[in-house]
Amino acid sequence: MIPEMMYLIGLVGWSLPYLWVNQHGERFMDEGNGNTTHICNSIDRQKDKCSYIIIDSATANDIDEKGPQISGYIHGKGGKIEDMVKSAIEKGADNVFMAESVGGLATQLKIDSDALRKNVDEYNKCCENKYDALFAKDPRCLKPVKAPKFFAFARRLCAYGTVGGIKINERAEVVDKKSEIIPGLYAAGDCANGTHTHHYALVYILWGSTLGFAINSGRIAGENAAKFATQKVSSDWIQKKLQKLRDKTLRV
C-alpha cells in the first residue's frame with residue numbers, strides 16, 4: 001500500500017459529498033447521501049461499476065485546513081491533498097488524478113471532455129444558486145469546481161463484511177430454534193450468524209472484520225456438505241428427520 005493512499009482512501013471511502021460523476025461525465029445521485037447501500041447500488045449501475053469524486057484546489061485547501069466535510073463522522077486533518085496526490089501518482093497509483101484543467105482531467109479519466117465540462121458547468125451553477133436542481137443535495141455540500149488544480153479519486157465497489165443470518169453450529173449445519181440439526185442444510189457468510197449478528201454498526205468501524213468469518217464459514221460448510229453428500233446415511237434416519245421437520249412446520 002502506498003502510504004499516502006491511506007489518508008486518501010479514507011477520504012474516498014467515507015464519501016466526500018462534493019461532485020461525483022460516472023464514466024460518461026454525468027452526475028448520477030445526491031452526493032450528500034451518506035447511506036452506503038444507496039451509494040453502492042448507484043455505483044453498481046454505472047458503466048464499469050466505477051465513479052469519480054472531483055474537487056478543485058479551493059476545496060482541497062479547505063479540507064487541508066478544516067478536515068473533510070463528511071456527515072456523521074469526525075476526522076482529523078491529514079497532510080496536504082495536493083502533495084499526497086502528487087506523491088501517490090509518482091509512486092504508480094492508478095486511482096488518483098490531478099490536472100490543470102477540467103479537460104485535462106477528462107483526458108486522464110478517459111471521459112469525453114465536452115460532456116464533463118458541460119456537467120461541471122451545470123454543477124457550478126447549482127453551487128452559485130445554492131440549489132441543486134438535479135438531486136436537491138444539501139446546499140452545504142455544494143462546492144464549486146472552478147479553481148485549478150483539479151483532482152479526481154476513482155471509486156469502485158468492494159465488499160467489507162457480512163452480517164447476521166441463519167443459526168448454525170460449528171460444522172456450519174443449520175439448526176432450528178432448539179439447536180437441532182436440519183440434515184443436509186448448511187449456511188455460510190451473510191446467510192449465517194456471525195460475530196456481528198446483533199451489532200451491524202461494528203462493521204463501519206471494523207472494516208473487513210467479518211470477511212474472515214465469511215471465507216472460513218464457507219470452507220467449513222463446503223467441506224461438511226461434501227461429506228454429507230458422499231457418506232452412506234441411513235434412508236430411515238433421513239426420513240425421520242424430514243418428517244420431524246414437516247411436523248414442526250405444520251404446527252407453525
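Begin by selecting Leu8, Ile55, Ile81, Val85, Val96, Phe151 and Phe153, which touch the most other members of the 22-residue largest nonpolar core, a core being a set of buried Ala, Val, Leu, Ile, Met, Phe, Trp, Tyr and Cys residues joined through side-chain atoms within 4.5 Å. Buried here means under 20% relative accessible area, with a 1.4 Å probe and protein chains only. This is a predicted model, in which local features need pLDDT of at least 70 and side-chain atom pairs count only at pLDDT 80 or more, while totals for chains, interfaces and linings use all residues. Residues are numbered from 1 along each chain as its sequence is written, and side-chain values use heavy atoms, with hydrogens and water left out.

Next, colour helix 4 (81-90), which gives the most to this core, with 4 residues; helices are DSSP runs of H or I of at least four residues, strands are E runs of at least two, and both are numbered from the N terminus.

Move on to strand 3 (residues 96-99), where Val96 and Met98 on one side and Phe97 and Ala99 on the other are all buried. Strand 3 pairs with strand 4 (residues 150-156) in the antiparallel sense over 4 bridges, pairing being called when DSSP finds at least two bridges between two strands.

Within that pair, select Phe151 in strand 4, which stands opposite Met98. Beyond residues up to four places away in sequence, the contacts of Phe151 (heavy atoms within 4.5 Å) include Ile53, Ile55, Ala60, Val85 and Leu105. A second, separate core of 21 residues can then be picked out through members including Leu19, Tyr123, Ala152 and Ala154.

Notes. Buried < 20%, exposed > 50% of the residue type's maximum accessible area, 1.4 Å probe, protein only.
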